[in-house]
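This briefing is meant for a reader who is meeting the structure for the first time. Please look over the sequence and the model, and then read the points below, which are grouped by topic.

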Amino acid sequence: MKIILHANKNDAHRNRLKRTIEGTFSEGEIILTDHASQLSMVLGRPLHNVSVLIVFITDTESVDLLFPLKHLFENIKLILMFCDKVDNTQKSVLLLEPLFTSYSEDDSQDIISVLQRIAQRTMYPIE
């Protein structure tokens, strides 16, 4: 499974989640992005084979970057991690229809559970 972890801020939380994911999915690949241009470049590569995009929502800037890139991650599972207080502007990102949202960046167990279900469905698709 190939995962993108994107955060404009909160690098400490992103790095902690990265280590947790690596400990659970030894054969996965994790790509870290910090800027919209990096995220766009990774998603725009032909045959990028990204399964999951996890975005830390820290402010309106992190929300605003997602809408123009939506066409690049239409077939990718989107997981949102809301950090700190969530205002109505940040809640507008829910219009992107994420697979899962988390409101606690300190507890990554929910994210790991979702990733395990995604991996299981990828290995054993329901027909």
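This is a predicted model: local features need pLDDT of at least 70, side-chain atom pairs count only at pLDDT 80 or more; totals for chains, interfaces and linings use all residues.

Lys18 and Glu22 both belong to helix α1, where they sit four residues apart, or about one turn of the helix. The two residues are joined by a salt bridge, with their closest N and O atoms 2.6 Å apart.

**Helix α1**

- Helix α1 covers residues 11-24, and its 14 residues should span 20 Å at 1.5 Å a residue, which agrees with the 20 Å between its end C-alpha atoms.
- The residues of α1 that are buried are His13, Arg14, Leu17 and Ile21, and because they cover an arc of only 95° around the axis, they lie on the same side of the helix.
- An α-helix has 3.6 residues a turn, so residues three or four places apart point the same way.
- On the face of α1 turned away from this buried side are the exposed residues Ala12, Arg19 and Gly23.

**Salt bridges**

- The count of salt bridges comes to two, and one of them is the pair of Lys18 and Glu22, in which Glu22 is partly exposed with a relative accessible area of 37%.
- The side chains of Arg14 and Asp34 also meet in a salt bridge, at 2.8 Å from N to O.
- Arg14 lies in helix α1, whereas Asp34 lies in the loop between β2 (29-33) and α2 (36-44), so this pair ties together parts that are 20 residues apart in sequence.
- Arg14 counts as buried, at 4% relative accessibility, while Asp34 counts as partly exposed, at 27%.

**The aromatic pair**

- The structure holds one aromatic pair, formed by Phe82 and Tyr103, which are stacked with 4.9 Å from centre to centre and 5° between the planes.
- The pair links distant parts of the chain, 21 residues apart, since Phe82 is in strand β4 (residues 77-82) and Tyr103 is in the loop between β5 (100-102) and α6 (109-123).
- Phe82 counts as buried at 1% relative accessibility, whereas Tyr103 is partly exposed, with a relative accessible area of 49%.

**Asp59 and its surroundings**

- Asp59 is found in the loop between β3 (52-57) and α3 (60-64), and at 16% relative accessibility Asp59 counts as buried.
- The side chain of Asp59 reaches the backbone nitrogen of Glu61 at 3.2 Å.
- When neighbours within four places in sequence are left aside, Asp59 is in contact with Asn8, Lys9 and Gln90.

Note on methods. Residues are numbered from 1 along each chain as its sequence is written. Side-chain values use heavy atoms; hydrogens and water are left out. Rings of Phe, Tyr and Trp (its six-membered ring) pair if their centres lie within 6.5 Å; planes under 30 degrees apart count as stacked, over 60 as edge-to-face and the rest as tilted. Helices (H or I, at least four residues) and strands (E, at least two) are DSSP runs, numbered from the N terminus. Buried means under 20% relative accessible area, exposed over 50%, partly exposed in between (1.4 Å probe, protein chains only). A polar contact is a pair of N or O atoms within 3.5 Å; within protein, one must be able to donate a hydrogen and the other to accept it, and residues adjacent in sequence count only if both atoms are side-chain atoms. Contact means heavy atoms within 4.5 Å. The expected span of a helix is 1.5 Å times one less than its number of residues. The arc is that of the directions from the helix axis to the C-beta atoms. A salt bridge is a side-chain nitrogen of Lys or Arg within 4 Å of a carboxyl oxygen of Asp or Glu.
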